[in-house]
Amino acid sequence: MNRYTEPKYRTINDAKENELDQLQAKSTSSTWKPAYHIHPGYGLMNDPNGLAYFNGEFHVFYQWYPFGPTHGMKHWAHVKSTDLIDWKRLPTAIVPVEDYESHGAYSGASIEVDGELYLYYTGNIKYSAEERSANQCLAIMDKDGAIRKYEQNPIIEGVPEGYTGHVRDPKVFKKNDTYYMLLGAQRSNLTGAIIVYESSNARDWSFKGELDLDLNLPDTCYMLECPDYFELNGQDVLVVSPQGLEPEEHAYQNLYNVIYVLGELDIENLTFKVESHHELDKGFDFYAPQTFEGKNKERLLFGWAGMGEMDYPSDKEGWAHCLTIPRKLDIVDGRLIQKPARELEKLRAEPAKGEFSLSQGSTEIGAASYQYELELSLESIESEIFGLRLFSSETEGLVLEFNRSEQTVTLNRENFAETFGGEYGFERSSKLEIGDKVDMQIFVDRSIVEIFINGGELVFTSRVFPHKESTGINVVADGKMNVNYKSYPMSCRNSL
Ligand code: FRU
């Protein structure tokens, strides 16, 4: 087989002497590196992979290219924790050195089988710059944490008829003694689909067919990446990352987007009856999330706080991207709600608190810190237009603006010296029912902000790369409202 190779397609095993230390040293001095968010030591991180609470520990794997902030040869990096906040780096879990994964160990998920953690991933194959194929592969982590590649890899060789080489991101789950694998796929007519394999032992797989998902996705949708499936409060939930959706006035404004679908899955008959679907996150940088079952059987989610095909300001420091904080999912009134995992409260230090009423103008509530959590409630709102300016200084600021007459909320990140991604616009917006009260829980960590509105009904995840002195928080209104806040400095317990 004549495989396409490029010099940049090196694995970590080919690192030259001191090369990795130099990469680490270059990115260590960065002022933008998050403290309490999972991030790469150096190189580029993208999707979270293989998430699990296994044998008393949380495991997070992620897509990683060690040699620079580019989407090169992907490895699976690995961190673990006993409490979701105190993360520790482990040796690279999957290094793509085999022929069946010649161009990277792409994304996938995990499931516990007979006391071991099965890590499914896609062996990416490129024959030329345009031609590719995909193998589905398995690595197994035993209860002592040792990871080995399955000796009979690949477990699925190539792609089924009717699909292009874009078949990837296995998600495995078990129903009635049968294991099912969902894969993101592209049909030969270049539209996106989800295909299904089945197995009785989680190792030998046979093709079952395509999932009939009556989502009415437009023909412009050319790929569905990273399918995830779970049951929550008696409902079936599918989370998927479609590519090629057209932007709408208040939705799908990123190059790639993420949707969740509520409904009913009949996996035997390959149907998913859709009750509703919505965009999962409204910010600029959120893609390829995965969920897993936590310690108390709750459903937790991590997303990649990044976007493909875009340069980020931290690239020049030799690293790119981070994950979101862990979020606990719930379904309320037919909507998927995301809340910060409770464990994060352990990072809080004594808060600065205050209460005041604002009649018109702007009041600084001051954070004077680069990593904090802000709880804010706005009450008795008589203002039409009100909101916040975060990372604020004389010259910079991230603007969150609520508009009551339009019932919208908008995030604007244009006002920074280090702007990026402008080709996709500097504003993201959403519809929101705005009455006389709005609650927010905001997590700021140097270059990432996650804004949870009204108990997680709406979330904006975004990266910003501010000057060091841009740490202010301003509350702004064109009319009256009461403001109540607590701002907690957040400590960092991980050793990333
Ligand atoms: C999503 C994705 C996946 C793929 C991985 C490669 O961001 O494109 O479909 O497996 O990234 O890094």
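Me: In which loop of this predicted model does Leu-280 lie?

Reply: In this predicted model, Leu-280 belongs to the loop that links strand S18 (271-279) to S19.

Me: Is Leu-280 buried or exposed?

Reply: A residue is called buried if 20 or more other C-beta atoms lie within 10 Å of its own. Leu-280 has 22 other C-beta atoms within 10 Å and is therefore buried.

Me: Which residues does Leu-280 touch once its sequence neighbours are set aside?

Reply: Leaving out residues up to four places away in sequence, Leu-280 touches Val-239, Val-258, Ile-259, Tyr-260 and Pro-289. Val-239 illustrates how sequence and space can be read together. Leu-280 and Val-239 are 41 residues apart in sequence, and their C-alpha atoms are 8.4 Å apart in space.

Me: How should I read the backbone angles, and what is the phi of Tyr-252?

Reply: Tyr-252 is not a glycine, yet its phi is positive, at about 50°. Tyr-252 sits in the loop between strand S16 (235-243) and strand S17 (259-266). With 16 other C-beta atoms within 10 Å, Tyr-252 is classed as partly exposed. Glu-309, also not a glycine, has a positive phi of about 60°. Glu-309 is in the loop between strand S20 (299-304) and strand S21 (319-320).

Me: Which domains does the domain assignment give?

Reply: The assignment gives domain 1 (12-341) and domain 2 (348-489). Their C-alpha centres lie 30 Å apart. Across the interface, 32 residues of domain 1 are in contact with 32 residues of domain 2. On the side of domain 1 that touches domain 2, strand S23 (residues 335-340) supplies the largest share, five residues. By class, the residues of that side of domain 1 are 15 nonpolar, ten polar and seven charged.

Me: What does the UniProt annotation say about residues 37-340?

Reply: An unreviewed UniProt entry annotates residues 37-340 as "domain: Glycosyl hydrolase family 32 N-terminal". Over residues 37-340 the chain is 55% strand and 0% helix, and the end C-alpha atoms are 12 Å apart.

Me: Which residues touch the most other members of the largest nonpolar core?

Reply: That core has 136 residues, of which Leu-119, Tyr-121, Met-181, Ile-194, Val-449 and Ile-451 touch the most other members. At least three residues of this core come from each of domain 1 (12-341) and domain 2 (348-489). Beyond its neighbours within four places in sequence, Leu-119 is in contact with Gly-50, Phe-61, Gly-108, Ser-110, Leu-138, Ala-139 and Met-141.

Me: Which residues around the ligand come nearest to it?

Reply: There are 14 residues around the ligand, and those that come nearest are Gln-63, Tyr-106, Ser-107, Glu-225 and Ala-288. Strand S1 (43-54), strand S10 (163-175), strand S15 (223-232) and strand S19 (287-293) are the elements that each give two or more residues to this shell. By class, the shell around the ligand holds four nonpolar, five polar and five charged residues.

Conventions:
Residues are numbered from 1 along each chain as its sequence is written. This is a predicted model: local features need pLDDT of at least 70, side-chain atom pairs count only at pLDDT 80 or more; totals for chains, interfaces and linings use all residues. A residue is near a molecule or strand if its C-beta atom, placed from the backbone, lies within 6 Å of it. Helices (H or I, at least four residues) and strands (E, at least two) are DSSP runs, numbered from the N terminus. Ala, Val, Leu, Ile, Met, Phe, Trp, Tyr, Cys and Pro count as nonpolar, Asp, Glu, Lys and Arg as charged, and the others, Gly among them, as polar. UniProt positions are given in the numbering used here, feature names are shortened, and annotations may be inferred rather than shown by experiment. A nonpolar core is a set of buried Ala, Val, Leu, Ile, Met, Phe, Trp, Tyr and Cys residues joined through C-beta atoms within 7 Å. A residue is buried if 20 or more other C-beta atoms lie within 10 Å of its own, exposed if 12 or fewer, and partly exposed in between; C-beta atoms are placed from the backbone. Domain bounds come from an automatic or database domain assignment. Two residues are in contact if their C-beta atoms, placed from the backbone, lie within 7 Å.
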